[in-house]
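This briefing is for a reader who has not seen the structure before. Please look through the sequence and the model, then read the points below.

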Amino acid sequence: MKLSHIYHLYQRAGFGISYEKAKSLEKLSRDEVVNELFESSEEVDFLDFDLEEFKNEIKGILDRDIERKEKRKQIATVLKKERKSLKKLNIAWIDKMQTTKAVLRERMTLFWANHFVCHDKNILYALQYHNRLRECALGNFEDFILKISKEPSMQKYLNIKQNKKKEPNENFARELMELFTLGRDQLYTENDIKEAARAFTGWNHNIWGDFTIKKKQHDDEKKEFLGEQGNFDGNDIIKIITQKEECAQFICTKLYTYFVSDIINHEHISNMVKVFYPSYNISTVLHYMFVSNWFYEKTVVGTKIKSPIDIIIGINRTVPVVYNKPKEVLYLQKLLGQVLLYPPNVAGWKGGKHWINVNTLMLRMKLPSLLLNKGVIALEEKKEFEESFEQFNKQKNYKRKLHLTVDWDTFLEEHKNLTRKEIQELLLPLKLSEKTKEYVAKLPPQDLKNYCIQLMSLPEYQLC
């Protein structure tokens, strides 16, 4: 397989690849390289987060002989205290993406987090939801929908808990079809939303996040949904939706625009649908996409704008960086416009050109120098993530240095025998403009470290 194609595959399906690893795959066929990518992600390596102390506090409150109102008050106090753990979860997720060998599973965990969008301040539920994404990321899509719908975080975020027989709440039923399975105004009507909401009545969970059904709150009468009639519950609604090819069409289109191109090619997507429907095997359709010739066409390579997380993880996987003050990686996310676990709304981040504005572009271009060459940035602890970039930079802490340990020794040892051209192909595996080629050619003789920073500071580094 061509080295340039390996770089492209691992940038899109993972978070980059080292030169040594890429060279080890070069003699393999495309099928073999793609198979190796999937094999490395077969096992589910859950994010391990110790919550025993938190659980014991909750259990202690539940066991006390106090009135229910007081118990709720004390539990609320514990939950408020544990909200700081969400930041720790964010940092742990970043670390896993930076170090994991299961790059495809982590890439898909990130993808699905922006599909089944959710936010929860309860660390127990947030971690459970997050690991559910990782568990189901490469499996069966119908099973995935069912499991994620029963997650306490989703039940809270889209008001499933408030969906009762006498007062149906349509929020989840609407988003299930509009955002998760069919797309806006596709196939379903307002009445279908109402009927689906009735089917999900009674769905709930206990304090530990286990799924339950409150039978007295469930509407067990006849319903009509997408042309079918029956005594449907939520499981039936999901099954009826996935029986429609439009569902496969919607998911394949979203996969295509995320992994391939923002410009829709209906023939390519149609072929993906034939692979995906009706089995709904996520790995199968991804494998088909990654071995297809059109995935490696010149019109595809280097045409997508990297997300803030891709920028942060990509730099770190090239030159290992340790944040001596781990919270600083959260502030970088804020400034770049994507804080994991804090989606902007139920539709998630729009991506593409929406990642770029005057402020974020400035920071993106300077980030390699900031992280790798003792640069400075407006960065200091703040209470929450609600401040705007302008408000943030009015703080007295302007131009403080990041607290980092940069492992240049590992980078230099791994790349000491590479030519400048090979370094360029590794960091910029796309077609360069004539002006950029001239600029790179005129770069003065310099050590590998500074040459690397120069290349990563080019506009082309923002693309993959």
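**Aromatic pairs and buried rings**

Phe-111 is buried, with a relative accessible area of 4%; buried means under 20% relative accessible area, exposed over 50%, and partly exposed in between (1.4 Å probe, protein chains only). This is a predicted model, in which local features need pLDDT of at least 70 and side-chain atom pairs count only at pLDDT 80 or more, while totals for chains, interfaces and linings use all residues. Residues are numbered from 1 along each chain as its sequence is written, and side-chain values use heavy atoms, with hydrogens and water left out.

- A search of the whole structure finds 24 aromatic pairs. Rings of Phe, Tyr and Trp (its six-membered ring) pair if their centres lie within 6.5 Å; planes under 30 degrees apart count as stacked, over 60 as edge-to-face and the rest as tilted.
- One of these pairs is Phe-111 with Tyr-258: the ring centres are 4.9 Å apart and the planes stand at 65 degrees, so the pair is edge-to-face.
- Phe-111 belongs to helix H7 (residues 103-113) and Tyr-258 to helix H14 (residues 245-259), so the pair ties together parts that are 147 residues apart in sequence. Helices (H or I, at least four residues) and strands (E, at least two) are DSSP runs, numbered from the N terminus.
- Tyr-258 is partly exposed, at a relative accessible area of 27%.
- Phe-172 and Phe-200 also make an edge-to-face pair, because their ring centres are 5.1 Å apart and their planes are at 80 degrees.
- Phe-172 is in helix H11 (residues 171-181) and Phe-200 in the loop between helix H12 (190-199) and strand E1 (203-205), so this pair ties together parts that are 28 residues apart in sequence. Both Phe-172 and Phe-200 are buried.

**Charges over rings**

- The charged end of Lys-150 sits over the ring of Phe-211, 4.7 Å from the ring centre. A charge sits over a ring if NZ of Lys or CZ of Arg is within 6 Å of the ring centre and within 35 degrees of the ring normal.
- Arg-420 lies over the face of Tyr-451, at 4.3 Å from the ring centre.

**A helix crossing**

- The axes of helix H3 (residues 30-39) and helix H16 (residues 282-291) come within 10 Å and cross at roughly 145 degrees. Axes are lines fitted to C-alpha atoms, for helices over the stretch in contact, and angles run from 0 to 180 degrees between N-to-C directions.
- On the H3 side, the contact is made by Arg-30, Asp-31, Val-34, Asn-35, Leu-37 and Phe-38. On the H16 side, Ser-283, Leu-286, His-287, Phe-290 and Val-291 take part. Contact means heavy atoms within 4.5 Å.
- By class, the contact of H3 with H16 has six nonpolar, three polar and two charged residues. Ala, Val, Leu, Ile, Met, Phe, Trp, Tyr, Cys and Pro count as nonpolar, Asp, Glu, Lys and Arg as charged, and the others, Gly among them, as polar.

**Backbone details**

- The peptide bond from Tyr-277 to Pro-278 is cis, with omega near 5 degrees. Pro-278 lies in the loop between helix H15 (266-276) and H16.
- Leu-187, in the loop between H11 and H12, has phi near 80 degrees, a positive value in a residue other than glycine. Leu-187 is partly exposed, with a relative accessible area of 40%.
- For Leu-341, phi is near 80 degrees, again a positive value in a residue other than glycine. Leu-341 is found in the loop between helix H18 (328-336) and helix H19 (358-372), and is buried at 15%.

**Individual residues and their surroundings**

- Gln-11 is in helix H1 (residues 3-13) and counts as buried, at 17% relative accessibility. Not counting residues up to four places away in sequence, Gln-11 touches Gly-16, Arg-107, Lys-306, Pro-429, Leu-463 and Cys-464.
- Arg-317, in helix H17 (residues 308-318), is partly exposed at 28% relative accessibility. Leaving aside neighbours within four places in sequence, Arg-317 is in contact with residues including Phe-15, Gly-16, Met-97 and Val-103.
- Arg-68 is in helix H5 (residues 68-82) and is exposed, at 63% relative accessibility. Arg-68 and Lys-442 are 374 residues apart in sequence and 73 Å apart in space, C-alpha to C-alpha.
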